[in-house]
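User: I would like to learn how to read a sheet in a model. Please take me through one.

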Amino acid sequence: MSIYDLAMSLDLETIDKATVDTPELFKKFIISKSATDGGIRKRIYHTHDSEKIREFSTIYTDWLVECGELEEDEKDEFVQNIINGYDLVYSQALYPGKTYAQMKRIYEKVKKELSRPVKNKLNSTQSPIFEKSDGMYVIRDKGSKRITNFTIRPKYIVTYETESLEERLTTEGYGVFEINCTHRKTGRTINSEVTLRSYQFNTVMTLREALRDLKIHGTFLYGSDSEISLLGEYLFFEVASIERVGINYIGIKRMESGDVVVTPRGVYDKSGQEVLDLVYVRDEVISVNEVMKLAGMLYKKDLWKNKTLPLLVENVLNLHKRSTMLTILGWMMSIPFETVVRVDAHVSGFPHLMISGVNGGGKTGVISTLLPYLGYGTQPEIANFGTQFANNQAVGTSYHIPVAFDEFRPHEWHLSQRNSVGNFLRESYNRGYYAKGRKDYSTRRFDYRNPIIILGQMATSDQAIAERVIPVYVDVNYLKSKESKIAKDTYHLLNSAEDKMFWAGYLIWCTNQNKEQILEIYETSKVKIAEKYPQLKEREIVNYAVVSLGLYYFKKLADEHSLDCHYSNDEIYNVVDTITEHAEVTLGDKSDDLWRFLEDLAWYGSTHGNDKGKVFGISKTIMVYQPSEDKKDVYGKDGEKKAEVRGRKVLLVKIPNAIKTLDNIGVKNKYEEKMLAPIMKGRFESTQTNNGQGIVLAPYGYRAADGRYTAFNWEEVKDMFGFVEDLQSDANIKQAAEELIRELKQEEDPPVELGEI
């Protein structure tokens, strides 16, 4: 029966144009009196299915040939003409329940599929590989051979683009497969889902190792290397399967059809609907553990809107001192706009957050409380700065989720680690990468993506790092004050909440913000900061402006949902007052702190004298010392490190005692040993580099007169401490006189023997 006869035999009155989705209905539709060429093409395109578009185009062309409106030799060209005309015409009535962005992605996928050459549908006679119930087989000249004891079928194939070391985009991919192993006697079946890449089918050994690493039970391979390669080709290129596009980082991803939010468990569009044809792909250099940490990257619209959002918005500012939290909150809430700031505003990088303060101040408590609201699991662990490899792995998952590092202690690190971490922080600010060679002469590339939170007792003294951070100083005295009760209650409230999945919803909300407005707010922040603080460098201005940007949009989010975030519009820009104040406290010229300390000691000696011989003199807090020729030039707890005294005259100071002496008389400047230690360590390393020329000749633990001291170069400080030798001499004379008196008294009054009583 011809198409014409078949169509005429159908009931034309029952045709529904909106449901023309089968060949039979389409054949019925094209002969209806109301069907025009344009209407038929629209009906073909409305399927948005590459296979149906090809099939329906062929049916329509055959119809025209039978009607005599088209020649037989014109068929192929006419079919291709219809396919080339595929386009998207969107209306809400035509696609109820689907947004334009969703339809745009479907259209782009189908358009891509239609542009590919048509492959012949393969069957068991055309492909050497075929499937039977007990495994996969390969056809040979004489019969067939079983090459696996399991069946394997592709669930979907993922392709994605990645940037090579030479900064070229290359296409990579993998398949998600279903493996079924059936026991021949019992019939019991074991089902597994695995992820495999095409290169793992190169040899029997590579596939066997891949299955072993994935812990797939009961799989055996019987084929040769060439037969396993044929199996891989069959699975990746010959079996019909769903194709998905992979995205190799978590967070906001810019797409032609609109921004999407990528999470380890799904991809969401601007409306919060899951996008099924997109999927997250983990880079091979990123450990599974780093991705598993982001267990909180889920979005449940009603729960987010009615519980998580109000909880965080109305309480987060009470978690610590108000000025401290405004800076932290502003930086965190600006992270979703990182790409806009860095790329569209043409800024060289995105700043890190550096939180410093003595132990017990609340640094770790604040960050560990907030991390679950930033996409992490309910009990996140904050890693310490580790090896270069560990640091590199930790910051490759997302441009829009921060990573926290604790124990920033450059003054205690070896020079190599200090340089490594310094380079790491500078390069990650610029979103650079680190390349490491392998034994096989290939190279692994680690992309630096995540914004970084740095926690430590002291901020950095490295000026290059200082220019790339937002400084926050956590005041330990706040938690000892009466106001801290609200902070402690908030800490328990936020930590005890059942749902903390705020971040995915916030990222989705941020994708709906106008890019031009974001840039305008950011530029306004920069202008206001520059006007108020003309002494700031350009890099500091562009960094501090992101805090105001984050506060602006967090307040906008609160206002849209009729919530109170507890700060005003004025505070959005006045927060820079706090940042600059913290910068002066934590990132000032640390070398000046050391000289200021020595100047205060010199002032004390010149104005207060020797305080009954307790401060200046042999074995006292401060003394001038000339080492003997046989004195070992070492320092440290066990005297295991080489000092730079080299037999020279030195000023020795017991730092803890000197700080206590200054505190007792109430000097204006306040000092802590933990603050001075890294400065002295840095100046000592400078002395080492300059062949012994410098102010610090031993940073701590220099033994002399039964005490442990820091040794300063006398030639560098003698102008300030010239009086010390006189005070020390007087103290020594007085001490010698007292000892002589005690000896004479003992001679006059010899001890009485008990036997004489």
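User: Which residue stands opposite Met136 in strand 2?

Analyst: Strands of a sheet pair through backbone hydrogen bonds, either parallel or antiparallel. Here, in a predicted model, Glu131 stands opposite Met136. Local features need pLDDT of at least 70, side-chain atom pairs count only at pLDDT 80 or more, and totals for chains, interfaces and linings use all residues. Residues are numbered from 1 along each chain as its sequence is written, and side-chain values use heavy atoms, without hydrogens and water.

User: How many bridges join strand 1 to strand 2?

Analyst: Two strands pair if DSSP finds at least two bridges between them. Strands are DSSP runs of E, at least two residues; helices are runs of H or I, at least four; both are numbered from the N terminus. Strand 1 and strand 2 (residues 135–139) are joined by four bridges and run antiparallel.

User: What is the strand order in the sheet?

Analyst: The order is 1-2-3, in an open, antiparallel sheet of three strands. Strand 1 (129–132) and strand 3 (144–146) are at the edges with a single partner strand each, so one side of each has no neighbour in the sheet. On average, neighbouring strands are turned by 35 degrees against each other, direction ignored.

User: Which helix lies across strand 1, strand 2 and strand 3?

Analyst: Axes are lines fitted to C-alpha atoms, for helices over the stretch in contact (heavy atoms within 4.5 Å). Angles run from 0 to 180 degrees between N-to-C directions. Helix 8 (residues 225–238) lies across these strands, at about 80 degrees to strand 1.

User: And the secondary structure of the chain?

Analyst: The chain has 26 helices and 24 strands.
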